[in-house]
Amino acid sequence: MISQFFVLSQRGDNIVFRDYRGDVQKGSAEIFFRKVKFWKEDGEEEAPPVFNVDGVNYFHVKVVGLLFAATTRSNVSPSLVLELLQRIARVTKDYLGILNEDSLRKNFVLVYELLDEVIDFGYVQTTSTEVLKASVFNEPILIDAGRLPTLGPASIFMQGTKRMPGTAVTKSVVANEPGGRKREEIFVDIIEKISVTFSSSGYILTSEIDGTIQMKSYLTGNPEIRLALNEDLSIGRGGRSIYDYGGSSGAGAVILDDCNFHESVHLDSFEVDRTMSLVPPDGEFPVMNYRITQEFKPPFRVNTLIEEAGSLKAEVILKIRAEFASSITANAIAVQMPLPAYTSRVSFELEPGAVGQTTDFRESNKRLEWNLKKIVGGSEHTLRAKLTFSQESHGNITKEAGPVSMTFTIPMYNASKLQVKYLQIAKKSKTYNPYRWVRYVTQANSYVARI
Amino acid sequence: MIPFQRSASPSQPSGKGDVVDVKLQLRQLAGSRAPGTDDSKRDLFKKVLSYMTIGIDVSSVFSEMVMCSATSDIVLKKMCYLYVGNYAKYNPDLALLTINFLQRDCKDEDPMIRGLALRSLCMLRVPNLVEYLVGPLALGLKDKSSYVRMVASIGVVKLYHISAPTCVDADFPAILKQLMLHDQDAQVVANCLFSLQEIWSLEANTSEEASREREALLSKPVIYYFLNRIKDFNEWAQCIILEMVSKYVPPDHNEIFDIMNLLEDRLQHANGAVVLATIKLFLQLTLDMTDVHQQVYERIKAPLLTQVSSGSPEQSFAVLSHLHLLVMRAPMLFSADYKHFYCLYNEPFYVKKLKLEMLTAVANESNTYEIVTELCEYAANVDIPMARESIRAVGKIALQQYDVNAIVDRLLQFLDLEKDHVTAETLVLVKDLLRKYPQWSRDCIAVVGNISSKNIQEPKAKAALIWMLGEYAQDMHDAPYVLESLVENWEDEDSAEVRLHLLTSVVKCFFKRPPETQQALGAALAAGVADFHQPSYMFTDKEYRGPFAFSEELGNMSMGVEGAETIVSSQRVEANDKDLLLSASEKEDKGLSNNDSAYNAPAYDGSLSLAPSQVQSDLVSLEPQLPSQSSQTSSVIDDLLGLGLSVASTPAPALKLNAKPVLDPNTFQQKWRQLSVSLSEEASISPQGVAALSNLQSLLHHMQGHSIQCIASGGQSPNFKFFFFAQKSEEPSLFLVECIINSSSCKAQLKIKADDESSSFAFSKVFKSALSSYGMA
């Protein structure tokens, strides 16, 4: 059971503060904020999500720059509380459409109402948007969606591609559309976060895909939905014999190391034909999470060359090659590379005719930054950076610089080849034909090339 | 201090004036039935709640809020309830005002309003209003709406906290139990369980019956009742139920398998809390079944790893902390999964740190090479705390492994990076490594010898380098000269640890290379004696450093070099690397019984803070050994020559001393400086006493027996110096004594300072008689 729940802004003021049990002092939010802000224990500079001050356990998660926190005196399962905090943020987002400081402040009464129903005397009652709808009466005050960072991985669909209706992910589950009628639609997003580490010789040291099939339904009447995945999908590497590889399952088989499912998912025929059936509750939720360590072709190859040019100069050549189909375009690519601490000046040389590329040398942390608006599949881009050192480099510059790390988003691309073969909605009538959006996206989680 | 910026946002007003304003407006609206009143009320209520949120006291509008609460607008009602719940406790008299409308609402047609009113009624937390609570609560438990029953079942425990007897007398626990076992609604059942668990655990302290009831919750029928319908409950209730089941002890193995089969699909739940609760249960159940327990580990690995990567960094931290515990318990089982513990570029440091610890734990013969290679990449990282931790991890692995060959090379390569923090961490580790594996000294010393002590700033690293200079003085060509230059800068050195190491290292170096070190040793000892800041290892008295310039005497001592070497090298210490390993084994002991243990609960970090004090005591223990040998020989000679003339002991004079006075060294020092010497004389000590002096402790003990306490002691044979103090039994008046014993002449020089000078003579008699009887027993 938890004693208090509160949301603090980045400056530390209370946006909402709810005391459920009255057994933790009123000033706890202040104590908490000070502790987090000036965390200095064990040489760490960032407070861990769980800590204890004077017998009070403090839990927090950071969501869109806000601190969602809970306190308790009892020995409650930390993962339960952290999970709960994250879920409260998600429910709030379902209601408000956009979750940020502004929308929270405008809707704090609604949030109080939600909190009253979510937790009673410290015991969780429900976090289902569906159930909450029956007992929450405030209308959300919607804020302008323009250029605001939103919560959750689905927000990436707002950038770039015009194919996606931009308002979809920022639409409140409960608020009525200005036009009056609600649009019948359902979104299924296959979001894959990939982590790859390349050795200095370009060999893949580790790779992992963390995927989520995320659903957000705006369908009225909660019809049943069937979702079919690749038929050759197999789960678990442990039980397989080595002969299975390249055997009957075919070269393109998708092998998940492990996966888990939302509680609403029925898996009765999953073993047979890889279909799941569910009645999607309102709001955004993960239908399935999965993890893959099977090797896959990384979307980008990074080549780094460092050449010394005299005792106080060196040249860094960064090459990025996009190894995916030319019909696909990656967005918002950022490349970073720490440079030797004694680097004093950097001059950049982009390839001729480069468009939408910026470069920067961050003096404070000695970091090279190279941003590209987009990269078309199959293309290659090069950056030359001339470094000037303030002192003579002793020994090996490659030991003082790197590794190169990348972040990017590639819509309509998935590294794992996991697919939603079809999305079936139980029909209520012949004319009922809601919009279905099945969207794929791959994001870099940790994409690192050592040099 | 963080200024809470109350006026920063326009929506957050700042002061009292506004509250008064709101109060007036509320009063105007209270009786109004004009259209649009509710909207204005909403705005005002909102204002009040926003004040409440940011911590402005709005209790003064209590009666106005209550007056405005007569409304059919449910949003308004909710706001009002929230307000009342927050302030009723502090305004018990005004709270009475709310009872009426809350009780009325408890009978409303709309179950939502009934529920809300009941919840608010229970939240008033005013003891003398409980009588109004019992009726609605009893009705609520029987309500036909599950929403109201849900509220009522939690309401019972709220009532219990306000007034336990009222709750028990109304027989609510029994009603709850019935409800728990028969209600159709899963959340009502779950709430009953929560309430009953809390009530009976609290009640169990005083009532036999309650503790029986608490046990009954864990009986087989109840457990199976919950297990069989576990999927009816929401994910949060499932966690609590799983937690409860983990306390149930199944009578036989078949039942254990039944439970695990029933719950296996919970491991595939998307909610990490459910997965972890299930894992905990499985591990608890199979504690006595070794092979099944192992299988459980294999089974839970994949779901745990999926949980690590599917949530936010905070959730992943929670899961990793559990994984961390498991890895510490059974590192072997995870040794093939080491790649999962590699750090990602963008993870927060608290996650990386856990991963590093796990990497350290799972390292074995087959994967060490790769793990260390990976760690070396982190060590070159620009992120300084991360680099430090990584180097420490490499060091820990080296200390665990038998085949450290490759690791030592890697460690030494760190020194080539020429980054200050890397060098510093590495030096500390090389030192620890050499203590455990002296056979690597040749390789290490060759590299360490090239490091200029001037580039090392961190005390720990400096101390490590100095230790190596002393320990391997014979292999490091310029050791005496480096030490000498360090001694010259004694005054600029702030760290006690470094000074201590410097002292011992100079001594060690002296025994190995006397002619080159003699001067440095003299300087070091002089500086150490004069060192005013470090009462723990040297005399505190600044005035008396003159007679204690041991340097010349030591320089003339004809101690065999071989003998010296045995003394020094016998001090090989294992303590330090045990410290390094201790943190791992300690965590192992904590086990899984407690979810919290993985989260640095307060009593957790003892092992690390131990290290410095142990190092200090190791160092200090070096010193007494030197005098003990020589003083023993001298006392043997005394005996041989038959000089042992017993000194007639004087009868104990009548001065009563406090048997257990307390004085800390700093106060002693201060007092010693303030007071002037009131008595200065010579006392004699028996030859038996001198003989017994080989163990300084025995004298201290003896004096304690006479209510005289020692605060500092030290010295070399034949000169020993002690500081004693004593206190009169009836008053706080103190006596301070400096006592210099010359063991060859059997004489002691006393300097007595006293708060009350008139009694110093009497005290000196007591002291002398005590001293003369030393060794006579």
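## Helix packing within chain B

In this predicted model, Pro111(B), Met112(B), Arg114(B), Gly115(B), Leu116(B), Leu118(B), Arg119(B) and Cys122(B) of helix α6(B) are in contact with Tyr147(B), Val148(B), Val151(B), Ala152(B), Gly155(B), Lys158(B) and Ile162(B) of helix α8(B). The residues of this contact comprise 10 nonpolar, 2 polar and 3 charged.

Helix α6 of chain B covers residues 111-122 and helix α8 of chain B covers residues 146-162, and their axes come within 9 Å while crossing at roughly 10°. Because angles under 35 degrees count as roughly parallel, α6(B) and α8(B) are roughly parallel to each other.

## The interface of chain A and chain B

Between the two chains, 90 residues of chain A are in contact with 85 residues of chain B. The size of an interface is often given as the accessible area lost when the parts come together; here chain A and chain B bury about 7700 Å² between them, with 54% of that area on carbon and sulfur atoms.

Across this interface there are 31 residue pairs in polar contact, both residues of each pair being at pLDDT 80 or more. On the side of chain A that touches chain B, helix α2 of chain A (residues 78-96) gives the most, contributing 8 residues, and the residues of that side as a whole divide into 32 nonpolar, 26 polar and 32 charged.

## A helix pair across the interface

Helix α4 of chain A (residues 108-118) packs with helix α2 of chain B (residues 37-53) at an angle of about 70°, and their axes are 10 Å apart. Since angles from 65 to 115 degrees count as roughly perpendicular, α4(A) is roughly perpendicular to α2(B).

From α4(A), the contact is made by Phe108(A), Val109(A) and Tyr112(A), and from α2(B) by Lys46(B), Leu49(B), Ser50(B) and Thr53(B). Sorted by class, the residues of this contact are 4 nonpolar, 2 polar and 1 charged.

## Salt bridges

Side chains of opposite charge can pair when their charged atoms come close. Over all chains the count comes to 63 salt bridges, and between chain A and chain B the count is 9.

One salt bridge joins Asp120(A) to Lys158(B), with the closest N and O atoms 2.8 Å apart. This pair crosses between chains, running from Asp120(A) in strand β6 of chain A (residues 119-120) to Lys158(B) in helix α8 of chain B, and Lys158(B) is also one of the α8(B) residues that meet α6(B). Another salt bridge is formed by Arg450(A) with Glu374(B), where the closest N and O atoms are 2.8 Å apart.

Technical notes: Residues are numbered from 1 along each chain as its sequence is written. Chains are lettered from A and ligands numbered from 1 in the order in which they are written. Side-chain values use heavy atoms; hydrogens and water are left out. Contact means heavy atoms within 4.5 Å. Buried area is the accessible area (1.4 Å probe) that two parts lose on being put together, summed over both. A salt bridge is a side-chain nitrogen of Lys or Arg within 4 Å of a carboxyl oxygen of Asp or Glu. A polar contact is a pair of N or O atoms within 3.5 Å; within protein, one must be able to donate a hydrogen and the other to accept it, and residues adjacent in sequence count only if both atoms are side-chain atoms. Helices (H or I, at least four residues) and strands (E, at least two) are DSSP runs, numbered from the N terminus. Ala, Val, Leu, Ile, Met, Phe, Trp, Tyr, Cys and Pro count as nonpolar, Asp, Glu, Lys and Arg as charged, and the others, Gly among them, as polar. Axes are lines fitted to C-alpha atoms, for helices over the stretch in contact, and angles run from 0 to 180 degrees between N-to-C directions. Angles under 35 degrees count as roughly parallel, over 145 as roughly antiparallel, 65 to 115 as roughly perpendicular and the rest as oblique.
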